[in-house]
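Please examine the sequence and model shown below before reading the report.

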Amino acid sequence: MEELEGILKRGMLTISVTNKCPARCAHCLAESSPDERTTLTSSKIEGIYLQAKALTHIKNVVFTGGEPTELEDDLFNAISSISVDGTPVRVVTNACWATDEQHTKAMVTKFRESGLDEINYSLDDYHAIWIPPENVIRAYRASRCQGFAGVVIAVAEGPKSRYNLEWIKKNVDPEIQVTHPDIQYSGIQNTPSPDGTVYQAAVHGYSRVGRGHRMRSDLVVLRNNLIDMDVPCPEILDQIYIDSEGTVGACCGIRITGNSVLSMGNALQEELADVYARATSDVLLRAIHVLGPGWLLKLAKSRDDTVKVRDGYTNICEVCEDLTTQESAINVLSRAREEIESAIHSKLANVTIPVSA
Ligand code: SF4
Ligand code: SF4
């Protein structure tokens with residue numbers, strides 16, 4: 001079996017520290033809400049970090065959720081211990097705590113005092129239903145000149161979005177630098193401002209995954225021939241991703257809880273090294289990386305007509321969710337293991353293998 005390129009190449013550990021969130025956004029890929037209860041403690045987070053460090057060089061740690069500040073002191077303790085160890089930490093938050101100037105300043109100060117390196121604020125039309133966009137404005141302004149390496153507004157937008165890049169430039173920061181996933185993944189960095197911080201709007205399109213699975217197609221940007229392009233996934237297994245139950249995921253592109261393909265084990269119950277040794281020899285994970293989820297979904301559809309394929313997709317994570325959450329598709333593919341392994345081998349040897357019925 002060939003070695004796969006790109007495994008753990010990003011040196012990143014992303015931990016979804018809770019699935020609890022004061023919001024219940026209609027497009028939430030993690031399907032978080034106030035009713036959810038799962039959270040990690042700081043000692044569990046630190047244990048996961050030490051395991052990850054033993055497995056690979058960790059260049060940065062990202063805390064996401066749900067809403068990470070639901071962890072209260074456990075979050076700040078975890079940021080502190082990882083920062084003191086010399087690894088930069090980023091928190092992704094919806095700014096629900098930025099309700100007035102006083103609370104906002106106190107929270108930003110607490111983040112910096114705990115050693116937080118980068119803060120990401122989430123904003124879009126669906127967030128705005130639950131969290132006033134003024135919170136993001138307040139939090140962004142309070143975060144300026146505080147010594148962060150990066151202050152980012154992550155904005156998802158579609159053709160009819162009100163809260164989009166234009167809105168951010170008009171209402172938050174006309175000088176904000178703009179990035180999008182293609183730039184991020186190519187490793188190009190934006191330039192720090194004179195105070196040393198990179199101020200950035202990270203713009204991406206809506207993805208109809210998780211709770212957003214049934215978003216109307218006129219609210220997203222569809223690429224009608226995406227499934228035919230056999231786009232391989234460069235992100236699968238490229239970083240360590242752990243959810244709030246300790247489940248180790250192959251990526252953070254879609255919800256991995258309950259996903260039998262992308263859930264690879266549990267970091268609270270076994271060594272991460274064992275999880276990765278198993279995952280890198282898993283035929284479906286290898287195939288998503290080399291052949292792409294579209295190739296696999298078409299193969300499944302060609303063998304079982306009940307497998308559902310949508311007319312258009314916004315990105316390959318949507319294709320991947322359709323692939324990995326349909327029992328019929330997984331059953332077909334588990335019977336075609338040898339054929340898939342042979343296609344992986346041929347692709348790595350630069351031979352094109354057409355999908356045949
Ligand atoms: S998208 Fe973010 S803010 Fe909205 S429910 Fe999910 S975790 Fe909470
Ligand atoms: S295509 Fe699949 S494996 Fe790759 S990032 Fe998206 S959901 Fe994850």
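This is a predicted model: local features need pLDDT of at least 70, side-chain atom pairs count only at pLDDT 80 or more; totals for chains, interfaces and linings use all residues.

The sections below treat conventions, the ligand shell and the domain interface.

## Conventions

Residues are numbered from 1 along each chain as its sequence is written, and chains are lettered from A and ligands numbered from 1 in the order in which they are written.

## Ligand shell

Around ligand 1 (a heavy atom within 4 Å) lie Cys21, Ala23, Cys25, Cys28, Ser32, Gly66, Asn94 and His127. This shell comprises four nonpolar, four polar and no charged residues; Ala, Val, Leu, Ile, Met, Phe, Trp, Tyr, Cys and Pro count as nonpolar, Asp, Glu, Lys and Arg as charged, and the others, Gly among them, as polar.

## Domains and their interface

The domain assignment, automatic or from a database, gives domain 1 (12-157 + 159-205) and domain 2 (240-348). Their C-alpha centres are 28 Å apart.

Contact (heavy atoms within 4.5 Å) links 21 residues of domain 1 with 18 residues of domain 2. The two domains bury about 1500 Å² between them, 60% of it on carbon and sulfur atoms; buried area is the accessible area (1.4 Å probe) lost on being put together, summed over both parts. In domain 1, Leu29, Gln51 and Leu55 lose the most area to domain 2, together 34% of what that side buries.

## Salt bridge

The rule finds one salt bridge across the interface of domain 1 and domain 2, defined as a side-chain nitrogen of Lys or Arg within 4 Å of a carboxyl oxygen of Asp or Glu. Glu31 forms a salt bridge with Arg255, with the closest N and O atoms 4.0 Å apart.

Key
Side-chain values use heavy atoms; hydrogens and water are left out.
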